[in-house]
Amino acid sequence: MRRPAAVVVMLGVAAAAGLAGVAGAAGPQQQSVEWTLSVSNDSGRLAEVPLHGDSFAVSYRNSIYGTVAEERYEVRPDGSYLLVQLAADQMAVLEEYYAVPGAPEAAEPPDRRQWVADPDPARPAAFTRLSLAATDLGQRTVHADGAPPLELWTLVDDGDPFVTLELKENQ
């Protein structure tokens with residue numbers, strides 16, 4: 001079920017984060033926001049997440065293992081994003097579901113997940129637009145430094161749970 005109040009709150013948080021970045025831009029430790037992750041569907045834009053850095057992640061509850069996994073992306077200069085790391089709470093998700101070529105390693109604190117692994121370099125996954133099912137069961141969530149987690153499943157109706165992630169360059 002679509003929850004419009006959640007969308008308004010998240011857009012407000014994203015706008016406030018953007019304004020805070022502008023207000024503090026004079027400080028030497030502030031980092032400019034070059035990219036915004038836009039979340040949309042057939043109804044239009046649902047939310048935006050300013051990226052403070054060159055990466056973001058999407059976590060979800062794996063339907064086979066029932067535990068949380070995460071795909072981590074790096075923003076490329078051309079506006080695409082590349083899968084650079086996989087992470088999971090259960091090692092089997094990495095070994096069996098993703099079939100990573102190397103052995104998963106224990107994640108370093110304060111990582112959100114227990115295990116990490118590199119994706120298969122023989123099959124690079126680069127995107128300019130990525131369509132995802134944002135279901136209540138999967139609980140897909142976007143994670144970006146400097147922004148609160150964005151729960152994608154709260155933005156869509158259960159009957160049409162698909163969203164598209166696309167980078168927008170800030171002007």
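In this predicted model, ring pairs join Phe-56, Tyr-73, Tyr-81 and Phe-127 into a cluster. The aromatic pairs number 6. One of them, formed by Tyr-73 and Phe-127, is edge-to-face, with 6.1 Å from centre to centre and 75° between the planes. This pair links distant parts of the chain, since Tyr-73 lies in strand 4 and Phe-127 in strand 8 (residues 126–127), 54 residues apart. Tyr-73 has a relative accessibility of 3% and therefore counts as buried, whereas Phe-127, at 22%, counts as partly exposed. The ring centres of Tyr-97 and Tyr-98 are 5.2 Å apart and their planes stand at 90°, so this pair is edge-to-face. Tyr-97 is partly exposed, with a relative accessible area of 42%, while Tyr-98 is buried, at 16%.

An open sheet contains 4 strands in the order 2-1-12-9, paired antiparallel. Strand 2 (44–51) and strand 9 (129–133) are at the edges; each has a single partner strand, so one side of each is left without a neighbour in the sheet. From one strand to the next, the twist averages 25°. Strand 1 (residues 35–41) and strand 2 run antiparallel and are joined by 7 bridges. Ser-40 stands opposite Arg-45 of strand 2.

The largest pocket holds about 300 Å³ of space. It is lined by 15 residues, of which Ser-55, Ala-57, Arg-72, Arg-112 and Asp-145 are the closest to its centre. Strand 3 (55–61), strand 4 (68–75) and strand 5 (81–88) are the elements that each give two or more residues to the lining of this pocket. By class, the lining comprises 7 nonpolar, 3 polar and 5 charged residues.

How values were computed
Residues are numbered from 1 along each chain as its sequence is written. This is a predicted model: local features need pLDDT of at least 70, side-chain atom pairs count only at pLDDT 80 or more; totals for chains, interfaces and linings use all residues. Side-chain values use heavy atoms; hydrogens and water are left out. Two strands pair if DSSP finds at least two bridges between them. Axes are lines fitted to C-alpha atoms, for helices over the stretch in contact, and angles run from 0 to 180 degrees between N-to-C directions. On a 1 Å grid over the protein atoms alone, a cavity is a set of points where a 1.4 Å probe fits but cannot get out, and a pocket is an open set with protein on both sides within 12 Å along at least five of seven lines; lining residues have an atom within 4 Å of a point. Grid points are joined across faces, edges and corners, and a volume is the space filled by probe spheres set on the points. Ala, Val, Leu, Ile, Met, Phe, Trp, Tyr, Cys and Pro count as nonpolar, Asp, Glu, Lys and Arg as charged, and the others, Gly among them, as polar. Rings of Phe, Tyr and Trp (its six-membered ring) pair if their centres lie within 6.5 Å; planes under 30 degrees apart count as stacked, over 60 as edge-to-face and the rest as tilted. Buried means under 20% relative accessible area, exposed over 50%, partly exposed in between (1.4 Å probe, protein chains only).
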